[in-house]
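Let's take a walk through a protein model together.

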Amino acid sequence: MQIHIVQDAEAGGVVAADAVQRVLEEQRATGPVLGLATGSSPLPAYAELIRRHREEGLSFAAARAFLLDEYVGLPDEHEQSYHRFIREQLISAIDMPDENVASPDGTASDPHAEAAAYDRRIAEAGGVDLQILGIGSNGHIAFNEPGSSLGSRTRVVGLTRSTIADNSRYFASREDVPVQALSQGLGTILEARRIVLVASGENKAAAVAQLVEGGISSRWPATVLQMHPEVLVVVDEAAASRLELHEDYRHERALEEGELASRRR
Ligand code: PGA
């Protein structure tokens, strides 16, 4: 796990966008497969990718994308569906064909069958090359709430009270927040070849401390990422504020950047 501590969320967005750009360039011939997160954490990265598309010609035309999750019961056109969110925040502003963006169907008549079919669709696309992730204040990734099996697959999940409270800011009232979602499982997410997790703000500091320095446990589902060989954690100062080895991560990062710079010379 690599830890990159940045000044603020915007700087984190640039680091995450660099990782996406690298995958787009490396996988151009085969068609890159991106795993996209919704929520507020990835927005600075998406804004930076849109800027690079507009100003630098970064192209997503050959790329495909899979979303992590969708609320059960919300149709695609609902203003809080993740289907709609990703189009408003990213897809409509870049050149990725709309039909290349997949998400679980929250209105499927058999959501359990839909969940299994979603995992198959990801596998048929050759798996995810780069997964972008946020983290919940309770340590969830996607909607894998505390207690999720570390090997879980895409499935129907219930949202915890803390997640419903966190997400109620997007709905007219807490009662309007759906209580179930279709979510990629922790085992599904671990199959992505690379992962970039972005977090900012003090309310993420406890979850980030567990993610990086806690024991692997379904109590803090994101800790399962410690098992993945290629994870980059991009956190701002506030989200990093409870990391015990904060200074060591900075030091390691400086060494790596120095080495990269000398290789470039
Ligand atoms: P946020 O949500 O990016 O809106 O903070 C992250 C999450 O709950 O996974």
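Which residues make a nonpolar surface patch of about 270 Å²? The patch is made by Leu150, Ile216 and Met227. Before going on, a word on what you're looking at: this is a predicted model, where local features need pLDDT of at least 70, side-chain atom pairs count only at pLDDT 80 or more, and totals for chains, interfaces and linings use all residues. Residues are numbered from 1 along each chain as its sequence is written, and side-chain values use heavy atoms, with hydrogens and water left out.

Back to that patch. Patches are made of residues with over 30% relative accessible area and no salt bridge, where like charges are joined within 9 Å and nonpolar side chains (Val, Leu, Ile, Met, Phe, Trp, Tyr) within 5 Å. The accessible areas come from the Shrake-Rupley method with a 1.4 Å probe, and for residues only the protein chains shown count as cover. Leu150 is found in the loop between β6 (130–133) and β7 (155–158). Helices (H or I, at least four residues) and strands (E, at least two) are DSSP runs, numbered from the N terminus. With a relative accessible area of 31%, Leu150 is partly exposed. Here, buried means under 20% relative accessible area, exposed means over 50%, and partly exposed is in between (1.4 Å probe, protein chains only).

Leaving aside neighbours within four places in sequence, His140 is in contact (heavy atoms within 4.5 Å) with Gly134, Ile135, Glu145, Thr163 and Pro221. An unreviewed UniProt entry carries the annotation "active site" for Asp69, Asn138, His140 and Glu145. UniProt positions are given in the numbering used here, feature names are shortened, and annotations may be inferred rather than shown by experiment.

Ala142 also has its place in the loop between β6 and β7. What is the phi of Ala142? It's positive, about 50°, although Ala142 is not a glycine. Most residues other than glycine have a negative phi. Ala142 is buried, with a relative accessible area of 11%.

One of the residues that touch Ala142 is Ser183, whose place is in strand β8 (residues 180–183). Is Ser183 buried or exposed? Ser183 is buried, because its relative accessible area is 0%. Not counting residues up to four places away in sequence, Ser183 touches a list of residues including Leu68, Asp69, Phe143, Asn144 and Val157. Ser183 and Val72 are 111 residues apart along the chain, yet their C-alpha atoms are separated by 9.6 Å.

Now look inside. A nonpolar core is a set of buried Ala, Val, Leu, Ile, Met, Phe, Trp, Tyr and Cys residues joined through side-chain atoms within 4.5 Å. The largest one has 79 residues, and those with the most contacts inside it are Leu34, Leu36, Phe60, Met96, Ile141, Leu197 and Val235. Helix α1 (residues 9–26) gives the most to this core, with seven residues. Take Phe60: not counting residues up to four places away in sequence, Phe60 touches residues including Val20, Leu24, Leu34, Leu49 and Met96. Helix α3 (residues 82–89) has buried residues as well, namely Tyr82, His83, Phe85, Ile86 and Arg87. What covers them includes β2 (33–36), α2 (43–56), β3 (64–67), β4 (69–71), β5 (101–102) and α5 (161–167).

Next, the charges. Side chains of opposite charge can pair when their charged atoms come close. A salt bridge is a side-chain nitrogen of Lys or Arg within 4 Å of a carboxyl oxygen of Asp or Glu, and by this rule the count comes to 16. Asp18 forms one with Arg52, the closest N and O atoms being 2.8 Å apart. This pair links distant parts of the chain, with Asp18 in helix α1 and Arg52 in helix α2, 34 residues apart. Asp18 is partly exposed at 33%, whereas Arg52 is buried at 6%. Asp18, Glu48, Arg51, Arg52, Glu55 and Glu56 are linked in a network of salt bridges. Another salt bridge joins Arg194 to Glu26, with the closest N and O atoms 2.8 Å apart. Arg194 lies in strand β9 (residues 194–199) and Glu26 in helix α1, so the pair ties together parts that are 168 residues apart in sequence.
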